[in-house]
Amino acid sequence: MQNSRSIKIQEQDKEIEYKLLASIEELEQKGQITKWIDDHDILLYEYEGKIKAISNICRHFGGPVGYHKMKNGTFTCLWHNWQFSGKDGSCLTHPGLPLREYELKIVDNEIYINLLG
Ligand code: FES
């Protein structure tokens, strides 16, 4: 069963909903996590000390970008080896086809994601 716990944060004039993605502890234990939240397939990881989340769905044919562990700051899609930067989800093999990067908030050691931002 998917955990749909969420928090609302006031940003400028809007109230933004962030959904619970994982705990810091879970990310530290696994190193990298892929998880479906609502209709979004998310790849959560740490890059140079920053926690980041990008789409886990490859821009080529939808393969799982985070199937393999990130290596030297780069994810390599399982299906046909397109490569994406862990820094910002940009595509290294086919520039101009980046993965979507999501906004995160860390509250009480839990990682929340804005799916609509
Ligand atoms: S689906 Fe990812 S490289 Fe083809």
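**An open antiparallel sheet and its core**

In this predicted model, seven strands form an open sheet in the order β1-β2-β9-β8-β5-β4-β3, with antiparallel pairing. The edges are held by β1 (6-11) and β3 (32-37). Each of these has a single partner strand, so one side of each lacks a neighbour in the sheet. From one strand to the next, the twist averages 35°. In general, the strands of a sheet pair through backbone hydrogen bonds.

The protein chain as a whole has one helix and nine strands. Along the sequence, these elements follow the pattern β-β-α-β-β-β-β-β-β-β. Along the principal axes, the C-alpha atoms fill a box of roughly 40 × 30 × 30 Å. Of the 117 residues, 22% are buried. Among contacts with a separation of 6 or more, 37% join residues 24 or more positions apart.

Strand β2 (residues 14-23) pairs with β9 in the antiparallel sense over four bridges. Here, Leu 20 has Tyr 112 in β9 as its bridge partner. Strand β9 also pairs with β8, again in the antiparallel sense, over five bridges. Ile 106 stands opposite Ile 111 of β9. Strand β8 (residues 101-107) in turn pairs with β5 (residues 50-55). That antiparallel pairing runs over two bridges. Ile 54 stands opposite Glu 101 in β8.

Strands β8 and β9 form a hairpin, with two residues between them. In the turn, Asp 108 has a positive phi of about 50°. Asn 109 lies in the loop between β8 and β9 (110-114). The phi of Asn 109 is near 65°, also a positive value in a residue other than glycine. Most residues other than glycine have a negative phi. Asn 109 has 9 other C-beta atoms within 10 Å, so this residue is exposed.

A further positive phi, near 70°, occurs at Asn 81. Asn 81 sits in the loop between β6 (74-76) and β7 (83-85). It counts as exposed because it has 10 C-beta neighbours inside 10 Å, and the cut-off for exposure is 12 or fewer.

With 19 other C-beta atoms within 10 Å, Thr 76 is partly exposed. A residue is buried at 20 or more such neighbours, so the count of 19 leaves Thr 76 in the partly exposed class. Thr 76 and Gly 66 are 10 residues apart in sequence. Their C-alpha atoms are 7.5 Å apart in space.

The largest nonpolar core has 20 residues. Those with the most contacts inside this core are Leu 21, Ile 42, Leu 43, Leu 44, Ala 53, Val 65 and Ile 113. Strands β2, β4 (40-47), β5 and β9 each supply at least two residues of the core. Strand β4 gives the most, with four residues. The contacts of Ala 53 draw on several of these core residues. Leaving aside neighbours within four places in sequence, Ala 53 is in contact with Leu 21, Ile 42, Leu 43, Leu 44, Tyr 102, Leu 104 and Ile 113.

Asn 56 lies in the loop between β5 and β6. This residue has 24 C-beta neighbours inside 10 Å and therefore counts as buried. Beyond neighbours within four places in sequence, its contacts are Thr 34, Asp 41, Ile 42, Leu 43, Pro 64, Val 65 and Gly 66. Among them, Ile 42, Leu 43 and Val 65 are also listed with the most contacts inside the largest nonpolar core. By contrast, Asn 56 and Gln 10 are 28 Å apart in space, C-alpha to C-alpha. In sequence, Asn 56 and Gln 10 are 46 residues apart.

Terms used
Residues numbered from 1 in each chain as written. Predicted model: local features only at pLDDT ≥ 70, side-chain atom pairs only at ≥ 80, totals over all residues. Pairing = 2+ DSSP bridges. Axes fitted to C-alpha atoms, helices over the stretch in contact; angles between N-to-C directions. Contact = placed C-beta atoms within 7 Å. Core = buried A, V, L, I, M, F, W, Y, C linked by C-beta atoms within 7 Å.
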